Amino acid sequence: MTCLGQCMGAGMFLRALSLASGYFAHNHVLSHATIGSWPAETARILAEKGGSLLAYHEPDPDHMREAVAYRELTALMGTHPKLCRLIDHEHERARATATATEPDVLPATAIALENLSRDPSVFVFDPNLACTGRIMAFLQRTPTVHGALAGPKPVELPKRSALADGHDNPTFKVFVRVRPPLAREARYTRAYNVTQFTTKSGLHGKEIIVSDSAALKTAQTHSSRAPEPKFVFEDVFAEDCSQSDLFVQAVRPLLDAALADGVDATVFAYGQTGSGKTYTIEDGIVPQALGYLTSHVEAVRATYVELHNEVLYDLFSGVNPTLSEVDGAFRLNHAHVITATDTAELLSQYAEAAARRATSGTAMNERSSRSHAVLSVTVPVQHGAHKQRSKVTEVTIHFVDLAGSERLKRSESVGQSRDEAIAINSSLLALARVVHALVTPSHKAVAHVPYRGSLLTKLLSNAIGGRARTVLIACVAPTVDSADETISTLRFATCASLIRNQVDSEAEKKRKQLPTRTALSQDQSTVLSERAASFKADFFSGDPVVVRTELGDMEVYGDFTAGTHAPLCIMLHYYGQGSSGGRQFVPWFDRIRALGYRCLAPSFPGHGRTPGTLSAKPDPEVLAQGPCRWLSTLFDHFGIAKAELYGYDWGAGIGLEFALTQPERVLGVVACCASYRDESRLQLLKQKGFGRKKLCFLGRKNSQVHLWSKTVKQAKAAGVESSLAPTDEDALDAWIAHLQSSRERKSKKKPTMTA
Ligand code: ADP
Ligand code: MG
């Protein structure tokens with residue numbers, strides 16, 4: 001809408017424009033504007049809209065030149081003449097007299113009208129034709145975006161993340177996800193590079209370095225170049241990261257913690273429009289999290305609301321919920337609550353509601369979310385070590401899919417879409433202000449955090465600086481054309497990583513002692529067993545096959561003749577030129593099959609017929625990010641829930657790291673001459689359920705490469721035994737013995753059937 005505001009009416013308009021800019025057109029007329037404090041966003045909003053203010057002012061005792069509105073309008077006209085024209089009637093009349101022209105003023109008179117208002121005098125504008133014509137022409141001007149001010153104004157942000165400074169921040173974790181290039185980006189080069197990062201105190205993270213096309217050009221022509229922006233985060237999920245890997249690494253620990261101690265949790269995605277937020281939250285995390293949560297509790301309750309143009313809508317019912325403030329906390333009222341007992345029912349209701357979200361196509365994203373959406377799932381939790389004395393409470397987990405910020409020029413938004421973009425940018429700016437206030441040391445005892453700046457910041461107040469645990473996933477595009485947006489997203493994420501939520505310290509202690517999960521969820525198991533059934537029993541018989549996995553092609557040797565449901569053994573080869581990949585284990589298959597096992601021996605990238613390369617470094621993070629992800633993908637590909645692992649050298653390191661990170665998929669590990677760089681980490685194996693019966697270390701005394709003393713040390717750290725296996729034949733014997741005792745234990749456990 002276009003506004004003509006008089007006196008306090010002009011003030012009300014200015015306030016409304018800053019709170020809900022999406023409702024307003026670009027040009028507005030003010031007369032005798034009066035306002036107590038000037039909304040700081042005014043200039044930016046006008047600039048984004050490509051509009052301006054035409055303000056008429058008749059100085060009088062009620063509308064003095066010293067008043068806020070007059071001063072601010074004058075200042076705005078001084079700094080940004082395109083955004084404001086203030087006409088002081090007195091000066092204008094003087095000018096007109098001097099030049100013998102008609103004054104450009106908006107005259108008004110008071111007339112008496114009984115029964116129409118409390119005060120019989122009514123203010124009536126009385127413009128002449130010329131003035132009316134000028135105002136109409138002004139209002140009909142097409143918007144022109146004023147460059148310098150367009151886009152959310154960046155606030156000065158801290159340059160280093162918590163992790164870069166050596167601090168772990170368990171209450172607010174920040175991850176980055178880089179999506180693969182879209183078709184429209186095919187012609188651009190990549191703008192980033194990711195490397196391992198280890199703090200002096202031994203914390204691991206990832207560093208992402210971003211360069212725009214200008215930096216790339218300088219790099220090609222000059223040997224030295226300006227330092228590129230570098231950012232350090234908990235992890236950076238690369239373009240090929242699957243939805244399930246992301247869930248397992250970034251979200252599942254958060255859900256486990258919430259279920260264990262009843263502390264609320266929030267996952268949200270942040271990034272420019274088209275960077276993959278909706279793909280990450282709504283397509284990836286939500287379905288997996290709902291499956292996970294429903295498999296842990298009997299019933300869940302859920303609400304799902306969206307914030308569109310600063311108005312709240314309920315996506316389950318279509319009504320308008322409200323937000324109220326009680327003791328400084330914001331609460332959502334009248335949201336429709338659904339209750340579900342099984343995943344399928346919940347997912348179908350969720351999908352139906354998600355389809356109601358406000359979306360539209362822009363140049364940056366064919367299905368751009370024009371609203372922020374918050375799905376809140378509440379589940380019962382039981383705390384306390386003793387079941388009888390424990391209390392049952394509830395915990396709520398929020399999944400937030402923000403609408404993305406966009407530069408209006410790039411997204412080519414016009415009309416409604418443009419107003420939406422402005423509303424989105426305004427609320428994201430309010431979010432940035434909240435984050436900024438939280439991480440800026442204040443001289444006052446308690447810094448003022450401007451949660452009231454927008455509905456979005458009110459909705460997220462518990463997640464950001466509140467009492468919940470939060471995971472932020474900063475989504476970025478891979479290519480140079482988006483480098484500026486990527487850098488600004490990573491700056492925001494860096495700043496957010498410094499937020500300390502006030503999670504109860506007892507709860508934090510408990511999170512650290514969380515038992516490791518040893519079982520797959522019901523849903524995961526179902527999917528896997530369906531996949532497993534699709535491979536015929538005699539799928540392989542020692543001949544190599546190249547399978548197409550999510551990560552790429554992989555050569556696999558195998559023998560499935562023991563049957564679709566037979567337990568499985570996986571053999572992991574050593575690294576290096578002499579290695580023939582999985583082929584080296586083919587001679588072992590007969591003996592393993594004879595025990596009733598299926599066999600798989602993959603060739604990791606760079607070995608056998610598997611293309612690509614993988615780092616040989618036996619550091620835990622390198623193993624986890626590289627070969628362990630291939631292994632996990634292989635499990636998924638064949639529908640393997642759990643397997644026995646044997647590894648030699650590099651392969652043994654892979655097996656150990658896989659057992660540490662995905663213990664629920666490992667029956668046992670036999671590690672021969674293991675390459676594994678962090679012995680102290682092997683202590684964790686016991687906690688993950690790998691004691692003497694499920695883990696053993698083999699070594700050689702005659703090898704220059706693999707020192708026996710190293711094997712002994714590794715076994716000692718893990719608290720298990722080490723044995724000598726001078727030849728491959730000995731190693732196979734030792735593994736067979738391990739498998740046999742594992743089978744015996746299993747069959748003892750099984751209840752015997754009685755006729
Ligand atoms: P946003 O919500 O940030 O605006 P979307 O999630 O809608 O962005 O993603 C934009 C496009 O990119 C969609 O077509 C989506 O399917 C695709 N996309 C995003 N992330 C990935 C990914 N990790 N892998 C494959 N495609 C992706
Ligand atoms: Mg989206």
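Trainee: Which element gives the largest share of the lining of the second largest cavity?
Mentor: That would be α11, with 3 residues. Keep in mind that we are looking at a predicted model.

Trainee: Okay, and what volume does the second largest cavity have?
Mentor: About 50 Å³. Besides α11 (415–439), β13 (300–308) also gives two or more residues to the lining.

Trainee: Which residues line the second largest cavity?
Mentor: The lining consists of L307, H308, N309, E310, R370, S371, H372, A423, I424 and S427. Sorted by class, there are 3 nonpolar, 5 polar and 2 charged residues.

Trainee: How many cavities of 30 Å³ or more are there?
Mentor: The count is 5. The largest cavity has a volume of about 80 Å³.

Trainee: What lines the largest cavity?
Mentor: Its lining is made up of S161, A162, L163, H167, N169, F172, K173, V174, V232, F233, E234 and S497. Two strands, β7 (172–178) and β10 (230–233), supply at least two residues each, and β7 has the largest share with 3. By class, the lining has 6 nonpolar, 4 polar and 2 charged residues.

Trainee: Switching to salt bridges: how many does a search of the whole structure find?
Mentor: It finds 33. One of them pairs R134 with D104, at 2.9 Å from N to O. R134 sits in helix α5 (residues 129–140) and D104 in the loop between α4 (89–99) and β5, so the two are 30 residues apart and link distant parts of the chain.

Trainee: Is D104 buried or exposed?
Mentor: D104 counts as buried because its relative accessibility is 6%. R134, at 32%, is partly exposed.

Trainee: Which residue does R452 form a salt bridge with?
Mentor: Its partner is E325, and the closest N and O atoms are 2.8 Å apart. R452 is in the loop between α11 and α12 (455–459), while E325 is in strand β15 (residues 322–326), so this pair ties together parts that are 127 residues apart in sequence. As for accessibility, R452 counts as exposed at 52%, and E325 is partly exposed at 38%.

Trainee: And what does E657 pair with?
Mentor: E657 forms a salt bridge with R681, with 2.9 Å between the closest N and O atoms. E657 is buried, at 2% relative accessibility, whereas R681 is partly exposed at 22%. There is also a network: salt bridges that share partners join R65, D88 and E90.

Trainee: Where is C7 found?
Mentor: In the loop between β1 (4–6) and α1 (8–19). C7 also has a positive phi, about 55°, without being a glycine.

Trainee: Last one: which residues make the nonpolar surface patch of about 200 Å²?
Mentor: I111, L113 and V124 make that patch. L113 is in the loop between β5 (108–112) and β6 (121–125), and with a relative accessible area of 34% it is partly exposed.

How values were computed
Residues are numbered from 1 along each chain as its sequence is written. Chains are lettered from A and ligands numbered from 1 in the order in which they are written. This is a predicted model: local features need pLDDT of at least 70, side-chain atom pairs count only at pLDDT 80 or more; totals for chains, interfaces and linings use all residues. Side-chain values use heavy atoms; hydrogens and water are left out. On a 1 Å grid over the protein atoms alone, a cavity is a set of points where a 1.4 Å probe fits but cannot get out, and a pocket is an open set with protein on both sides within 12 Å along at least five of seven lines; lining residues have an atom within 4 Å of a point. Grid points are joined across faces, edges and corners, and a volume is the space filled by probe spheres set on the points. Helices (H or I, at least four residues) and strands (E, at least two) are DSSP runs, numbered from the N terminus. Ala, Val, Leu, Ile, Met, Phe, Trp, Tyr, Cys and Pro count as nonpolar, Asp, Glu, Lys and Arg as charged, and the others, Gly among them, as polar. Patches are made of residues with over 30% relative accessible area and no salt bridge: like charges are joined within 9 Å, nonpolar side chains (Val, Leu, Ile, Met, Phe, Trp, Tyr) within 5 Å. Accessible areas come from the Shrake-Rupley method with a 1.4 Å probe; for residues, only the protein chains shown count as cover. A salt bridge is a side-chain nitrogen of Lys or Arg within 4 Å of a carboxyl oxygen of Asp or Glu. Buried means under 20% relative accessible area, exposed over 50%, partly exposed in between (1.4 Å probe, protein chains only).
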